[in-house]
Amino acid sequence: MENYFEFDTKAKILSGDKALSRVAFELKIRGKNKPLVLSDRGLDKLGLVGTAIKNMGLKEYDTFFDVPVDSSTETVNTVTEKYKSSGCDCVIAVGGGSVIDTAKGVVLSLVSGVSDLGKIEGADAIVKVNDVLFIAVPTTAGTGSEMTSVAVIKDNIKGAKLEYISSFILPDVAVLDPEMTISLPPRITASTAIDALTHAIEAYTCLQKNPISDGFAIASIKLIFESLERVVNNPKDVEGRKALANAATIAGASFSNSMVGAVHSIGHSLGAVCSVAHGDAMAILLPHVMRLNKEKVGDLYGELLVFANPEKFVSTPKSERAEAFICEVEGLLERLNKSCGLATTLSATGKVKKENFDEIVTKAMNDGSAIVNPVPLSRERIIDILEKAL
Amino acid sequence: MKQLICKVFAHFLYRGMKVLYKRDERVRREVDAFKEGGAFALKFSMDRNTAVVIEKTAGGLKKRKVIKEGDIVIEFKTLDLALKTMTGQKGLSQAYAQHDFVLKGSINEVMGFTRAVEVVMAHLLPKSMLKNILREVPARKISMFKTYILAIFGA
């Protein structure tokens with residue numbers, strides 16, 4: 001394969017204790033006075049957005065807290081209008097994947113000057129005409145959305161999910177403050193962290209992998225294996241929380257550049273067809289997809305064993321390291337299943353039936369991530385994975 | 001010259017797809033899933049207006065001269081990058097992975113087109129080349145020679 005890659009990253013990362021308190025300075029040096037703060041009602045009720053606004057020391061700002069579970073073009077248009085009419089000069093997203101994707105949609109509209117998002121759907125298709133400062137404050141440690149150039153926004157009129165890949169939706173600043181994730185329940189902590197682990201493992205093995213994304217992926221895998229169980233067993237472990245937040249962000253930078261593969265192709269479809277939570281789908285599918293890909297990228301899995309279990313790496317012959325790494329991942333998932341109830345089979349979610357398989361397969365085949373999985377996805381291969389995961 | 005080469009190869013890609021639409025269920029399944037009246041445009045360079053536009057019709061595929069609103073456009077960043085993909089030196093998946101083109105339109109819809117292109121490529125290129133550009137070489141339903149004969153003299 002021709003030796004060429006692109007690595008696109010932008011965000012200044014503010015990570016650690018009281019990171020939110022430094023946002024005011026970031027706004028000041030960029031000459032911004034009035035952010036529009038986006039979030040959702042759930043986080044508002046929990047008091048998390050209020051805490052974030054207070055800790056950021058915002059004086060003049062406007063808010064939009066009605067971001068739905070699935071970001072939509074209508075919401076993006078409403079927020080964009082609000083941004084323009086209220087005289088805001090930057091966007092701050094406080095939330096999970098949907099809030100950050102909505103903010104990306106708003107930024108997309110503003111930087112491109114295009115009102116119909118359907119017209120600029122695609123990869124690298126956006127022409128920038130304006131600058132908009134964008135700050136992301138993730139409230140989970142999983143999606144890595146604060147570091148990705150990808151957004152998915154639902155068009156309710158077309159009944160389709162529009163996908164965007166553009167440098168111009170990368171946040172300028174990502175804020176990783178442990179106060180935002182410290183109260184996450186163990187099960188959500190586990191499923192979001194497994195999402196991040198999946199990002200890192202797929203980033204390390206997908207078609208777009210490159211030396212820089214590899215470095216990020218490895219750092220993320222190491223942090224997750226070191227910290228996840230500690231945090232699940234002791235949710236108030238601040239150092240562990242910081243490590244998981246860093247891991248998710250690093251994995252985000254990695255997969256944004258090397259892409260994710262079949263775990264995500266099938267996982268997205270399970271979410272769309274059967275409403276399986278994204279992190280749960282990742283946990284359920286990851287070992288099965290790794291076994292499919294082992295034939296092509298077994299050596300790469302073998303390399304990762306040292307970051308999951310250094311002693312085992314030393315004692316395992318090279319030819320057996322790939323399987324040993326998959327077993328390490330399975331072992332982690334099983335322990336999480338026992339400690340916090342993380343789903344490890346599709347049956348356990350109670351949402352997936354065999355009659356759903358056909359629709360899941362069709363959607364998975366057409367998912368954008370299918371094209372970069374090391375082993376091409378066929379209907380038969382996806383059904384085999386689903387049956388094993390059931 | 002490079003443009004001409006791209007156009008010739010794209011023409012064979014289109015003709016090959018038409019041939020295989022009738023003879024290979026993998027191509028037929030993918031093409032049938034395309035939106036009728038919708039089209040895939042292969043634009044060879046961002047600063048030149050040369051493209052091959054393949055439109056889905058009720059009975060299969062036809063070539064059209066202009067790109068219309070709503071078409072899915074694969075626009076190569078340079079003519080050299082287009083040349084590599086069109087001449088089979090690089091697969092479409094590889095080209096996507098290496099950001100060789102801008103994609104305007106639904107990423108999901110391009111997946112089916114890519115799979116169809118890979119099957120067509122497998123019928124148009126020698127196996128020694130295919131191993132380097134495809135993750136897995138699809139089996140041929142008809143020989144390379146027969147594909148070219150049908151592509152030249154009629155599907």
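Two exercises follow on a predicted model.

**Exercise 1. The second largest pocket**

Task: Find which elements and residues line the second largest pocket, and sort the lining by residue class.

Solution: 
- Step 1. The lining has 22 residues, and the closest to the pocket's centre are A:P376, A:L377, A:S378, B:R26 and B:R115.
- Step 2. Name the elements. At least two lining residues each come from α15 (379-389) of chain A and from α2 (25-33) and α5 (107-124) of chain B.
- Step 3. Pick the top contributor. α5(B) gives the most to this lining, with five residues.
- Step 4. Sort by class. The lining holds 10 nonpolar, two polar and 10 charged residues.

**Exercise 2. Strand β2 of chain A**

Task: Work out whether the faces of strand β2 (residues 35-38) of chain A are covered or open. Then find how β2(A) pairs with β4 (residues 90-95) of chain A and how many bridges join β2(A) to β3 (residues 62-64) of chain A.

Solution: 
- Step 1. Check one side. A:P35 and A:V37 are buried there.
- Step 2. Check the other side. A:L36 and A:L38 are buried too. Both faces of β2(A) are therefore covered, since buried means under 20% relative accessible area.
- Step 3. Turn to β4(A). β2(A) and β4(A) pair in the parallel sense, over four bridges. In this pairing, A:V37 stands opposite A:I92.
- Step 4. Turn to β3(A). Three bridges join β2(A) to β3(A), and the two strands run parallel. The bridge partner of A:L36 in β3(A) is A:D62.

Key:
Residues numbered from 1 in each chain as written. Chains lettered and ligands numbered in written order. Predicted model: local features only at pLDDT ≥ 70, side-chain atom pairs only at ≥ 80, totals over all residues. Heavy atoms only, no water. 1 Å grid on protein atoms, 1.4 Å probe; cavity = no way out; pocket = protein on both sides within 12 Å on 5 of 7 lines; lining within 4 Å. Nonpolar A, V, L, I, M, F, W, Y, C, P; charged D, E, K, R; others polar. Buried < 20%, exposed > 50% of the residue type's maximum accessible area, 1.4 Å probe, protein only. Pairing = 2+ DSSP bridges.
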